[in-house]
Amino acid sequence: MAPDPRTLFRATNPSRVLDVERTEDRQYYIDFSSVQGGPVNEELKQTITFALPDHPTCQLLTGHIGTGKSTELMRLKAELEYEGFHVIYFDVSTDLEMTDVDIVDVLLAIARQVSQSLEYAQVNIQVEGLRDLLNSAMKVLLTEVNMKAKARVPGLEVEVDKRSGFLLPLAVGELAFSAKNDADLRQRLHQYLAPQKNRLLEAINKELLEPANAQLRERGKQGLVVIVDNLDRLDSGVQLFGSSPQEYLFIDQAEQLRSLNCHVIYTVPIALRFSSRYATLIEYFDQPKILPTVRVKKIDGSIDQEGIALLRQAVLVRAFPDLNEEQRLAALLQVFDSPDSLDRLCQVSGGHIRDLFRLLNDWIKKGQQLPLDGKMLESVISARRNEIVMPITDDEWELLRQVHEQKRIGLEDGYLVLIRSRLIFEYRDQNTTWFDINPILAESRQLQKEVLDRLLSNIKQFFRQANAEIDNVVTNSEWKLLEIVSATGQLASYVPMPVIFVDKPTEQTIQELVDYSKKINGSSQYKVSILLYQESPDTLALFQIAQVRVRDHFVIIPIPFAAIEQALVDESKSFGLLTQYASRYMPGADLFNDRNAIGDTLSFFGRNSLLTSLEEDLRRLQGIGLFGLRKSGKTSMLLQLGLSMRQHPVIHIDLQPYAGRLHYGAELFNQILKKLADLLRVDSATAQGFVTFASSRPAKDFTTDFMEKANELASALWKLDYHKPIFCFLDEVERILPTELDPPDEARHRIEEFNAVFGTLRALNQESKLISLLVADLHPDCNSINHWHVPGLPTNPVYKFFKEVFVAPFSQEETTQMLTDIGHLMGVEFEGILLEDIHQQSGGYPFISRQIASLLCKKAEKEMNGRGELITSSAASRYLKKPFSYSDLADYFEKNIWDDLQNRKDRNFSEASASIGILKLLSSNEELLEGIQEEVILELLSETCGESECERALRWLEAVGLVERLEFKEGDSYKAKVPLMSNWLRRDMKLEEIRQWRLG
């Protein structure tokens, strides 16, 4: 039976909070955790029930207003009560004036709600100290504000009963009511109680919460939980001393908020996640749990079918609460004129639950009869779009355009305004967080036109700077098609050449490119075209690129648009970029044998979750130390970070040229400033006024001038709409690190230079909030050395400053994906068991895996199948058994790993000797499947290395992926993780030495 429109209108009230303890609401509840990044409720619950059930915990929950936080907290309340907890949930906005909240207001609200709940539960407590404080506060309000409170609240003069706490809720309620409705009374109360907040907190703990917990446990309860909802609605105006009300309450007063002696959960404003003081917040509370918007699209722009399916059910269950999921879908046409209309509603909501029901509510009100007409929905959407578009400024449109293209936000205040206005939504899956604009805005003409005009302008400029002439621009709603009519270098013989630009390439995109190419005359055996893309092609598109390459001799050169935008700052970079990609993908190229860092997003595999984590840390001004073996992918990750975060000023400097120099700081300062000035383009007066520092003088002579100039250039960059902060990547940092082998006079100079450079960069990070600093190298020495070996000099300014991140090897799945996708582009496939063998032999190192694949493509016999050439395990076996006879992999192990350890040993790094010994020991006993126990390793190396050095060596070898730790009940064991390296090492060792290292 079709529902009544009025009944459905009431059931879809967008402000309704579902209480799962009510039967009707329980029917309406839909679990969205699978499309919101995970079960936030379960995480909150486990912290209380499993991790720390007998100790007070304090947790934060955040997310857009309207995403369902209150509903989830009500569900959490029911689950905790089922577990035996006494739970108090309350909406703090009913007690407080949200434009003016002080810590004492929150403490009093909690005291009132707890005491009231305990009274209902007949838990009797004594509150003498708290009683005295409240009575004193009442007298202040009565006597110092001319009796205004008493005139409005006749019961205000009632004192707390000295024999019990049962009148406490009334007394606190009178205080809260008076303060909420009178700004003068509120200010007087704050002035009186704020200096006594610690006394108030102690009284609440000692006289209310601790006795309550004790009595509740005597009754068989697990303890007391307080859920304070809607503190995320705090006003965002400016508070005293420059802090926003959110920062004042949750950061400046964090110690009090987290010191209540019971389990507490607060909802916090989402703006705090993007505050420059966020790092301080998580020092007090740990990471807030986040309830993001329901995914309606994946990060690649494709529809998230699971998210849409759940949103369908969220709507249909309001109409048919008594039916199951399949029955609701079958009854869909009783409510909507077509399934497409319902899907349109779900998609245009952006997955924001309150917006979903607001649109539906407006649709029902406008139609007033069922089934609802899809055409009428478009008028509702149009009205909503007009409503939210009107106040958007030109600057905000530009920010929205950047978010729509890049799926990221910066730290600027403008983003917070857009987030609070629900113009930008946050989405999550298990590994990734991204942002996108409200889908209603994506359809606005202004955004679409601005995006298209800018993209075409940048594309034309890029090819012009790369000495290629563009003609015949054709566009439609999904792609832009251009034609190169002249070019230089490798591409010259292939013109005229088509260029297509799309957000995300599909099979249809590739076909459009092939069809257009057929219309262009050309005499070469191969046809060459260029594919410009915002998001990487899906698997089917990659397969089709491979097919047309092998079958039709049609070569597609894929270039990420992010790389083009970076190259626009310098004409030579544009020409170099086009040449680089042409060389990589032209006919006959070996795509596996890429020995340089990977700047191509199509050739970069794995580590997406790590990249996302690094991006979030850098935006929050967290210093990062990225460590790992040479050729492990560190520089490739820096290049990918530079592409994905190009809305920020990005500086990437290789420190290798500064190795061995006493005074390098001035030149490094110059290079940083020069790169910032380059981003301003040549027509900038600020860039033209750039003056260099004398490279022969020490860095300490220029630190002040450098900081001033950096701030000046940064201010100019902010005006060009670059996002804050600046990202500074310094690669090969060990090249300038002082060592104990430096001669005494040189050592002092090197230390002073290092301290001046990194002390200045740290100040620009922590004091000026100007830059985020990332350093990269093999070992975390720069982060672990505190006192220098030369007495009388200041300590290392970046000791323990960096968050240490190690670049680990690939998983089996990541290796398989990389080799399969690259193989497709070359028309080659590997047998499944062979892919497993390559991963196992390489230990998951992508460089080694690619080199093995390159070797097999050149040497192994291939079988033809329907998709191209197949390399089988049997054909590859002879080359896998003796890879060093057919490749230069031995050079990789010697020059990139072993020479480094030997050099560190020569420079008196004691753990280097331990690392060498451990690798020889594990390689000589590779047949021990359960590895070698840690105690045995420490004992065998005790004559040459101390226990602490061996432990540090084991931790580093494990972190970089050369050894694997196996956990057993009797203790940890270790085994070699890269069989090829063990093989190489045994080849390099004499038989007598191998016998010495063998056990048993």
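Tutor: Axes are lines fitted to C-alpha atoms, for helices over the stretch in contact, and angles run from 0 to 180 degrees between N-to-C directions. Helices (H or I, at least four residues) and strands (E, at least two) are DSSP runs, numbered from the N terminus. This is a predicted model, where local features need pLDDT of at least 70, side-chain atom pairs count only at pLDDT 80 or more, and totals for chains, interfaces and linings use all residues. Residues are numbered from 1 along each chain as its sequence is written, and side-chain values use heavy atoms, with hydrogens and water left out.

Student: At what angle do helix α34 and helix α35 pack?

Tutor: Helix α34 covers residues 812–826 and helix α35 covers residues 832–842. Their axes lie 10 Å apart, and the packing angle is about 120°.

Student: Which residues of α27 are buried?

Tutor: Buried means under 20% relative accessible area, exposed over 50%, partly exposed in between (1.4 Å probe, protein chains only). Helix α27 spans residues 608–619, and its buried residues pack against elements including β7 (433–437) and α28 (634–644). The buried ones are Leu-611, Thr-612, Leu-614, Glu-615, Asp-617, Leu-618 and Arg-619.

Student: How many salt bridges does the structure hold?

Tutor: A salt bridge is a side-chain nitrogen of Lys or Arg within 4 Å of a carboxyl oxygen of Asp or Glu. The structure's total is 40.

Student: How many residues apart are Arg-904 and Asp-781?

Tutor: The side chains of Arg-904 and Asp-781 meet in a salt bridge at 2.6 Å, N to O. This pair links distant parts of the chain, with Arg-904 in helix α39 (residues 889–906) and Asp-781 in helix α33 (residues 781–784), and the separation is 123 residues.

Student: Why does Glu-911 count as buried?

Tutor: Glu-911 forms a salt bridge with Arg-952 (3.9 Å, N to O). Arg-952 is partly exposed because its relative accessible area is 43%. Glu-911 counts as buried because its relative accessibility is 17%.

Student: Which residue meets Glu-926 in a salt bridge?

Tutor: Glu-926 is partly exposed, with a relative accessible area of 27%. The N to O distance in its salt bridge is 2.9 Å, and the partner is Arg-986.

Conventions:
The expected span of a helix is 1.5 Å times one less than its number of residues. Contact means heavy atoms within 4.5 Å.
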